[in-house]
Amino acid sequence: LPSRVQLHIAPLCTHTHRMPPTIIIPQAGHAAAKHLRASVTREEALSLYREILRTAKAFHWCDEKGIPWHTKLRIEARKEFEASKEEKDPLILARMLVTGRECVKEVQHKFNEADRKCWERIRQDTNRDGGDGSGRNGRR
């Protein structure tokens, strides 16, 4: 290798088992670098999609038509991912992935906060009722 060629080291796998890094030489390995980027983007997209599906499971109540929210959220996520499937611009793809990840984190945070408040209210009501659930302040 000429001494002026810079080497970029990129891991092939981010799972628990580690594979040796692949050395990508600019110009000489341009096709390999392009494939690696596409594969990393695909993994990130699949990871985001799975995270959305896991988060959607928590929305177990139904809308006004009786359709469970988790079903509606799964369908909408699928539509969004299918619509963006043909996007090739790496900057747009990166922006979509970052925005999607931030949205999921925000939804999870808000859901967890609301859930925490509900449980706190249940504890307060239980303590106010005397702790036996009878609603009579423990008196008979």
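## Reading contacts, rings and charges in a predicted model

T55 touches V104, V107 and Q108, with residues up to four places away in sequence not counted.

Biologist: Before I read anything into that, what kind of model is this, and where is the place of T55?

Modeller: This is a predicted model, and the place of T55 is in helix 1. With a relative accessibility of 15%, T55 counts as buried, because buried means under 20% relative accessible area.

Biologist: How many aromatic pairs does the structure hold, and how should I read one of them?

Modeller: In general, a pair of aromatic rings is described by the distance of the centres and the angle of the planes. The structure holds four aromatic pairs. In one of them, the ring centres of W61 and F111 lie 6.2 Å apart with their planes at 5 degrees, so the pair is stacked. W61 lies in the loop between helix 1 (30-56) and helix 2 (69-83), whereas F111 belongs to helix 3 (residues 90-128), so the pair ties together parts that are 50 residues apart in sequence.

Biologist: What relative accessible area does W61 have, and what is the relative accessibility of F111?

Modeller: W61 is partly exposed, having a relative accessible area of 39%, and F111, at 23% relative accessibility, also counts as partly exposed.

Biologist: Turning to charges, how many salt bridges does the structure hold?

Modeller: The general idea is that side chains of opposite charge can pair when their charged atoms come close. The structure holds nine salt bridges, and one of them joins D63 to K72 at 2.9 Å, N to O. D63 is buried, with a relative accessible area of 8%, while K72 is partly exposed at 26%. The charged end of K72 also sits over the ring of W69, 4.4 Å from the centre of that ring.

Biologist: Which residue forms a salt bridge with E51, and how far apart in helix 1 do the two lie?

Modeller: E51 pairs with R54, their closest N and O atoms being 2.8 Å apart, and the two lie three residues apart in helix 1, about one turn of the helix. R54 is partly exposed, with a relative accessible area of 47%. In helix 3, R116 and E113 are separated by about one helical turn, being three residues apart, and their side chains meet in a salt bridge of 2.5 Å, N to O.

Biologist: Which residues are linked in a network of salt bridges?

Modeller: Such a network links R121, D125 and R128.

Terms used
Residues are numbered from 1 along each chain as its sequence is written. This is a predicted model: local features need pLDDT of at least 70, side-chain atom pairs count only at pLDDT 80 or more; totals for chains, interfaces and linings use all residues. Side-chain values use heavy atoms; hydrogens and water are left out. Rings of Phe, Tyr and Trp (its six-membered ring) pair if their centres lie within 6.5 Å; planes under 30 degrees apart count as stacked, over 60 as edge-to-face and the rest as tilted. Helices (H or I, at least four residues) and strands (E, at least two) are DSSP runs, numbered from the N terminus. Buried means under 20% relative accessible area, exposed over 50%, partly exposed in between (1.4 Å probe, protein chains only). A charge sits over a ring if NZ of Lys or CZ of Arg is within 6 Å of the ring centre and within 35 degrees of the ring normal. Contact means heavy atoms within 4.5 Å. A salt bridge is a side-chain nitrogen of Lys or Arg within 4 Å of a carboxyl oxygen of Asp or Glu.
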